[in-house]
Amino acid sequence: MASKTGRTWLDCKNPQMADHFLKLAVKSLETLYSQLTTRSNAAADSSSSKADVEKDLLRILSCQAESALTQGNHHEAVGYVQRCKDMLQRLPKDTAYLSFMCYNFGLEMYNLRKFEESSFWLGQSYDIGKTNVKYGPGSDVLAKALRLLATVYVEWDCQQFQEQALNAVSLANKECVSTSGLYLKIRILMRCGAPDNLISTGLIEMLESQVSLEVCLSIVKLLMVEDRDLLAFEYLKRVCQHFESSPDLGSALVLHIELLLQRGKELLAKQKTENIITGHYTGKQLAPEALSCLHVLLWDQGSKHYEAGNYAEALEWYNYSVSFFKSGQIEPNLGKLQRNRASCFLQLQQLEKAKDAIREAERCDPESIFTLFGIYKIAILESNTEKAAEALSSMGLLSKSPLCKEDKLLVSDTAASYLLSLAAQIALENGKQEAAMKALEVLCQTSNDEAQVVTALRCLVRLVFSTTDESAERRDVNLDVLLPYLKMALQTLSRQSQMAAEQRIEAANWFRKTAWNSALQCEGSPDRMRDFFVLSYQLSLLCPTDRVLLMGQKTCLLMAAAASLELCRNSPYSAQVEEELTQALEYIQTCWEVWKTLKASESFPSDPTESLLLLYEFETRAKLNDTKVEVILESVLELENVEAKVLETMAALAMEAPAYFPRLCKKALRIALSLHKKQSQPDLAHCSKCIHDLIKLSLPSGVAEVEARALAEVWDYFEEALSIISAAMSDLYSKILDQLDKAKKNTMEN
């Protein structure tokens with residue numbers, strides 16, 4: 001029971017507790033063994049019982065050795081194992097057990113990088129296993145221990161323990177020859193810097209041992225890593241001869257080409273490739289895996305030359321790859337290869353060949369965005385704007401729904417955006433502004449990167465303004481093109497995104513100013529002006545608020561309201577006009593809020609904003625037949641400096657269809673007339689007009705049908721007019737007399 005408890009504590013990684021129970025178990029077994037020895041030379045089964053006790057004792061001693069080793073007590077563990085070895089003469093069947101235990105100790109020490117202890121235990125494993133061949137672990141296990149021992153020597157200090165490492169691996173190969181042993185011997189020889197003739201002997205030994213082609217090729221790679229190029233190529237030649245009839249020979253041929261390319265021997269690599277192509281059509285095809293590896297090599301080589309600007313050389317490598325495809329074969333990889341060839345032809349100014357290559361790419365991989373990009377490039381070079389636009393539209397559709405089929409290339413949003421940006425650049429380089437704008441528009445519609453969309457929209461705005469035609473007609477066309485770009489910018493910047501706050505504010509401010517400047521160009525087009533000023537205001541909401549920005553918001557809303565009212569004045573009243581008036585009223589109300597914010601921080605004594613807002617609100621509500629117009633008139637009268645002109649305008653608006661507020665009109669005219677009369681020099685024309693309008697309002701159905709009250713009212717207006725005229729004439733008469741007196745005095749002085 002104590003031994004089992006100790007073993008359990010050992011398995012639980014608690015060697016201290018295990019030691020306590022293991023010592024109790026040893027003490028009990030030793031006591032039992034002593035009793036059996038003294039008690040019975042005569043007992044028939046005493047030998048059997050003593051053997052069982054010794055066997056249990058060996059197991060416990062091995063556990064004690066394991067516990068000591070776990071706690072770092074190497075010498076103590078050696079003592080326990082030595083007692084076990086002494087018992088093997090009486091327990092030969094436990095030879096394999098003890099050998100395996102020492103091997104595990106060696107492996108554990110190796111993993112802990114304790115090479116000295118590891119080498120001791122691995123040596124013990126081999127020595128114990130050799131003491132009894134019959135009950136030992138077997139030659140394959142002994143060879144495994146020796147190989148690990150050789151590895152320990154190599155990693156411990158290859159130069160110091162070179163001889164021991166080679167002896168260990170040679171002994172392992174004698175015990176049981178194996179691929180891993182032969183490979184290890186070659187590796188040790190190279191690590192120790194052995195001459196080529198010794199390594200060559202080991203390589204020949206490996207070939208004669210019938211190792212696999214894969215192992216031979218790994219040896220070749222190892223030789224190349226160690227800069228044994230000559231030896232590697234010689235050995236690779238022997239390997240190819242040795243495995244000439246193997247169906248996997250292609251992997252060796254491909255490796256040969258790869259190594260030649262690594263060492264810059266392109267001419268030899270081309271010769272080898274051409275030999276493989278010849279064999280491909282004479283019944284010596286490569287295995288599919290080897291052929292795929294060869295394609296990768298050829299494409300990498302073509303890509304390297306293309307990036308270096310050696311387009312003819314790149315084309316040659318791509319052509320090698322094409323040689324392995326059957327005529328008429330349809331495969332996406334062939335489509336990609338043809339696109340690469342088309343790019344080379346374009347760089348070499350061979351447009352017709354590029355068109356042929358891209359047609360093949362379209363046949364093999366029509367749903368690839370890269371194929372469409374190739375079609376687009378050729379269309380640009382041929383000045384085929386319509387075909388270029390079709391290709392861009394198709395690219396946009398593909399980028400929205402990426403291909404996810406098993407053999408298709410997944411088109412990421414980043415790749416699609418990059419191609420569309422590049423498409424715009426190519427178009428501009430070739431003077432095709434329309435195609436460039438189309439590419440940028442598709443990019444804006446498909447990209448999920450807000451920063452990229454904002455950049456594209458900026459480019460579009462600049463392209464719109466880059467035209468040299470300054471005619472009014474062209475200006476209007478440009479403004480119509482510009483408006484949706486600014487709306488998209490507002491929509492993009494209003495979304496929550498990964499854009500930095502500073503970047504978002506800077507972009508919003510840029511587009512705000514653009515909308516403002518565009519609005520200023522809309523003279524004679526109130527609908528465009530309104531839209532641009534509204535956009536400028538909406539974009540300003542994305543910027544930090546300050547006095548300058550608030551002034552800009554106020555102006556934008558004021559101008560938007562004015563433009564909306566201008567539209568309504570020039571249109572017959574309808575549901576659409578009513579909607580426009582309602583929208584104008586919203587602009588005015590918002591402008592009031594902005595104006596209140598501004599006035600809270602400072603005063604604006606000469607600013608006409610308040611008068612204009614009241615006037616615009618009066619007109620809007622009057623046309624909507626809103627009774628609040630009376631309140632607005634009262635608000636105007638409460639202003640510090642009420643202008644008669646404002647009241648006259650309000651009077652006219654009160655009677656302008658569809659509005660009809662005669663009482664308000666009279667009130668405004670009377671007050672306006674009163675303001676005129678209070679002036680030092682009344683304006684007779686304005687006074688006359690006011691009186692004329694008042695009389696007209698008092699005679700709604702003609703003079704013949706005027707009631708007495710109306711007649712009296714009209715008479716009062718006439719009297720007031722006469723009074724104004726008399727005052728004016730008296731003033732004029734006084735001025736004339738003054739002038740005559742001055743003239744008379746001047747004459748007398750002369």
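This is a predicted model: local features need pLDDT of at least 70, side-chain atom pairs count only at pLDDT 80 or more; totals for chains, interfaces and linings use all residues.
Residues are numbered from 1 along each chain as its sequence is written, and side-chain values use heavy atoms, without hydrogens and water. Local features need pLDDT of at least 70 and side-chain atom pairs count only at pLDDT 80 or more, while totals for chains, interfaces and linings use all residues.

A pair of aromatic rings is described by the distance of the centres and the angle of the planes. The structure holds 10 aromatic pairs. Rings of Phe, Tyr and Trp (its six-membered ring) pair if their centres lie within 6.5 Å; planes under 30 degrees apart count as stacked, over 60 as edge-to-face and the rest as tilted. F120 and W121 form an edge-to-face pair, 5.0 Å centre to centre, with 75° between the planes. F120 is partly exposed, at 29% relative accessibility. W121 is buried, at 0%. Here buried means under 20% relative accessible area, exposed over 50%, and partly exposed in between (1.4 Å probe, protein chains only). The rings of W317 and Y320 are also edge-to-face, because their planes stand at 75°, with the centres 5.6 Å apart. Both residues lie in helix 16 (residues 311-322), 3 residues apart, about one turn of the helix. Helices are DSSP runs (H or I, at least four residues), numbered from the N terminus. W317 is buried, with a relative accessible area of 0%. Y320 is buried too, at 8%. F105, F120 and W121 form one aromatic cluster.

Helix 28 (residues 575-601) and helix 29 (residues 609-623) have axes that come within 10 Å and cross at roughly 155°. Axes are lines fitted to C-alpha atoms, for helices over the stretch in contact, and angles run from 0 to 180 degrees between N-to-C directions. Helix 28 is therefore roughly antiparallel to helix 29. Angles under 35 degrees count as roughly parallel, over 145 as roughly antiparallel, 65 to 115 as roughly perpendicular and the rest as oblique. Residues making the contact include L581, L585 and W592 of helix 28, and L613, L614 and Y616 of helix 29. Contact means heavy atoms within 4.5 Å.

G250 is found in helix 13 (residues 249-262). G250 is buried, at 6% relative accessibility. Leaving aside neighbours within four places in sequence, G250 is in contact with L286 and A290. G250 and K284 are 34 residues apart in sequence, and 9.0 Å apart in space, C-alpha to C-alpha.

Methods: Helices (H or I, at least four residues) and strands (E, at least two) are DSSP runs, numbered from the N terminus.
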